Amino acid sequence: MLPTVFGVVALVVLATAVLLLARAASPWAPALAVARGAAQLAVISLVLAGVIRSPWLIALVLTVMFTVAVVTASRRLGAVRRMVLPVASSMAVGITVTGLIVFGTGAIEPSPRDALAVGGIVIGNAMTIASISGRRFVELADDRWDDVEGWLALGATPRQATVQLVRRAVSAALVPTVDQTKTTGLVTLPGAFVGAVFGGLSPLEAGRFQIVVLAAIMAAGTCTAVLLTRWLAPLRTRPQLP
């Protein structure tokens, strides 16, 4: 354990030092994020040891994950009270439809353990895509507001005036996921694949599991990004950047 602590501290010090030298706006953010993540992982490790075989407790854990993800993404987009409904609805649809396909088709066994593993990964990625797509749409609307007003003045509906911005925001939000999927096995070895191999699965079976997970992330993220940006699209006033 001691070498792990030293290694993590050294990496955090390196990241913080580079940000301080660059005079970044939030140089302590990586250190705080790692400290919080370590504390949360310690707690969740203890919790999961007691719930891994209980479907109801796993459902509760996934609900907590989803709630935290929604609040986190909503904060990135502005006032939580205003954004929580569109974020929660968009993520819920994407995650639910994806889960029904993954487990309904038998691509992954519908066991409590696999539901927790896949659900946690998909929820986390849907949160990230919601944050990126929503912020990118607001930024584009702010930058191109003169164009939006021009379309509105010509008689376009608020949704028609921002249709190109929606498309660009969705495309931007999916770039990391698409790149990760395209380069899997060549540039990166995803955590789910490595964990499955270390857990005793054959590389072939681990690869099968990983490609299902990647496809699930893509499907859930696509649904989330499209639904969220279309929800935000009908603008009549210039949006406020968070």
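Reader: Helices (H or I, at least four residues) and strands (E, at least two) are DSSP runs here, numbered from the N terminus, so which helix is glutamine 180 found in?
Author: Glutamine 180 sits in helix H8. Keep in mind that this is a predicted model, in which local features need pLDDT of at least 70, side-chain atom pairs count only at pLDDT 80 or more, and totals for chains, interfaces and linings use all residues. Residues are numbered from 1 along each chain as its sequence is written, and side-chain values use heavy atoms, with hydrogens and water left out.

Reader: Thanks! Is glutamine 180 buried, exposed or partly exposed?
Author: Glutamine 180 is partly exposed, at a relative accessible area of 30%. Buried means under 20% relative accessible area, exposed over 50%, and partly exposed in between, using a 1.4 Å probe and protein chains only.

Reader: And how far is glutamine 180 from leucine 214 in space?
Author: Their C-alpha atoms are 8.7 Å apart, while the two residues are 34 apart in sequence.

Reader: What do the buried residues of H8 pack against?
Author: They pack against H5, H6 and H10. The buried residues of H8 include Leu165, Val166 and Thr177.

Reader: Let's zoom out. How many helices and strands are there in the protein chain?
Author: The chain has 10 helices and zero strands. Buried residues make up 31% of its 242 residues.

Reader: Which residues touch the most other members of the largest nonpolar core?
Author: Val87, Met91 and Phe137 do, in a core of 45 residues. Such a core is a set of buried Ala, Val, Leu, Ile, Met, Phe, Trp, Tyr and Cys residues joined through side-chain atoms within 4.5 Å. H5 gives the largest share of this core, 11 residues.

Reader: What is methionine 91 in contact with, beyond its neighbours within four places in sequence?
Author: Its contacts (heavy atoms within 4.5 Å) include Phe66, Val70, Ile123, Met127 and Thr224. Methionine 91 is also one of the buried residues of H4, and what covers those includes H3, H5 and H10.

Reader: At what angle do the axes of H4 and H5 cross?
Author: Roughly 145°, with the axes coming within 10 Å. The axes are lines fitted to C-alpha atoms, for helices over the stretch in contact, and angles run from 0 to 180 degrees between N-to-C directions.

Reader: Is that crossing of H4 and H5 left-handed or right-handed?
Author: The crossing is right-handed.

Reader: Last topic: what is the phi of arginine 23?
Author: Arginine 23 has a positive phi of about 55°, although it is not a glycine. Most residues other than glycine have a negative phi. Arginine 23 lies in the loop between helix H1 (2-21) and helix H2 (29-51), and is exposed, with a relative accessible area of 78%.

Definitions and conventions:
A crossing is left-handed if the near helix is turned anticlockwise from the far one by less than a right angle, and right-handed if clockwise.
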